[in-house]
Amino acid sequence: MEIIVGKTAGFCYGVKRAVDGAKQELKKYNEIYCLGELIHNKQAIEELRKKGIKFINKIEDSKGTTIIRSHGEPKETYQKAERLGITLKDYTCPNVSKIHKIVEQYKNDGFYICLCGTPNHPENIGTINHAGENSTIIEKEDEIPEAIKKIKESKINKVILVSQTTYDNEKFLKIQQILKENLSQEIEFNVKNTICKATQNRQKETEKIAKEVDYMIIIGGKNSSNTKKLYEIANKKGKVIWIETSEELNIEELSKYNKIGIMAGASTPNTSIENVVNLLKNVKY
C-alpha cells in the first residue's frame, strides 16, 4: 500500500502558537483558565485539561489568569476582563487579529461589511463584533439575496467583502463574483481575501492528493470548520472518510485500496496523524 501524507497536514502556525503558549503559561501559574476550547480538537483539549488548564465558557467564570484562544474574542471580553481585574494571555491567531483591524478600518471609513463564514463559529463572532452593526455573515450562496437586501436597507454605498480565515477559497470566489454581478453599480465594491495562506495551501494540496489516490482519510475534530472544508473538497474527488482518531478506521475496508491519501485539519496533533500512518503500515491484503 502506498501512503501519501499531506505536507501541510496538522497544526498551522496560529494553532501551534496557541498550544505552545498555553503549555508555557502552565509552567508560570498554579491556576490558569482558557476561555472556550483553545483549538478544535478533543484529544488536544483533553491533554491540556490533564495538565491543569481549566476551560470556561464565560470570562465571568474565571478566577485568575485567562488564555484567549486562537479564534479571538469580541471587544466586550477584553473590557469585562479589565473591569474584573483578570489578566489575559492573548493567543489570538495573528491572521484573525489582522481581520479585526481590517474590518475596524473599513467600518470607520463608512463601509458595509460582508463576512464569508459560519455564523456561530467563534472566530466570526469576534470578527462581526469588530465590524459593528452594518455587517452581515454569508455562509452559502443562497444567503446572498438577503445580504444584498440588508445592504440596500442600510443605504450605505460602499461594501467590503472579507472572509473567515478557514473558509473554502472556491466558495469565497464564487460569492465574490455573485455579489459583484448583483450589487447596484452605484455601490463601491471592495474585496479582501482574508483566508490565510496555510488554509489555501491545505485546501489545494487536499484536492491534489484526492485526485491521485483510491481513498482519502481526513483527520480532525468534528467541530473543526477547516477540517470540514477539507472533507468537502476530498469528497468531490472520490472516496473519503473523516475521522478524529485511528480507532474509527476499518482495517478490512482499508485493505481494498492500493493508494491512500491523508490530510489533517489545522488543529490536528501530529500524534493523531502518526497513529493513522502506523495503522496503515500494518494493514495486510
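Modeller: The protein has 11 helices and 12 strands. The model is a predicted one.

Biologist: In which order do the 4 strands of the open sheet stand?

Modeller: The order is S7-S6-S8-S9, and the pairing is parallel.

Biologist: Why are strand S7 and strand S9 said to stand at the edges?

Modeller: Strand S7 (135-138) and strand S9 (188-191) each have a single partner strand, so one side of each is left without a neighbour in the sheet. From one strand to the next, the twist averages 20°.

Biologist: Which helix packs on the sheet, and which strands are touched?

Modeller: Helix H5 (residues 122-131) packs on the sheet and touches S6 and S7. The direction of helix H5 makes about 150° with that of S7.

Biologist: How do you know that the radius of gyration agrees with that of a compact globule?

Modeller: For 285 residues, a compact globule would have a radius of gyration near 19 Å; the protein has 21 Å, which agrees. Along the principal axes, the C-alpha atoms fill a box of roughly 65 × 55 × 25 Å.

Biologist: What share of the residues is buried?

Modeller: Residues under 20% relative accessible area are called buried, and such buried residues make up 51% of the 285 in the protein.

Methods: Residues are numbered from 1 along each chain as its sequence is written. This is a predicted model: local features need pLDDT of at least 70, side-chain atom pairs count only at pLDDT 80 or more; totals for chains, interfaces and linings use all residues. Side-chain values use heavy atoms; hydrogens and water are left out. Two strands pair if DSSP finds at least two bridges between them. Helices (H or I, at least four residues) and strands (E, at least two) are DSSP runs, numbered from the N terminus. Axes are lines fitted to C-alpha atoms, for helices over the stretch in contact, and angles run from 0 to 180 degrees between N-to-C directions. Contact means heavy atoms within 4.5 Å. The radius of gyration is taken over C-alpha atoms; the globule rule is 2.2 Å times the number of residues to the power 0.38. Buried means under 20% relative accessible area, exposed over 50%, partly exposed in between (1.4 Å probe, protein chains only).
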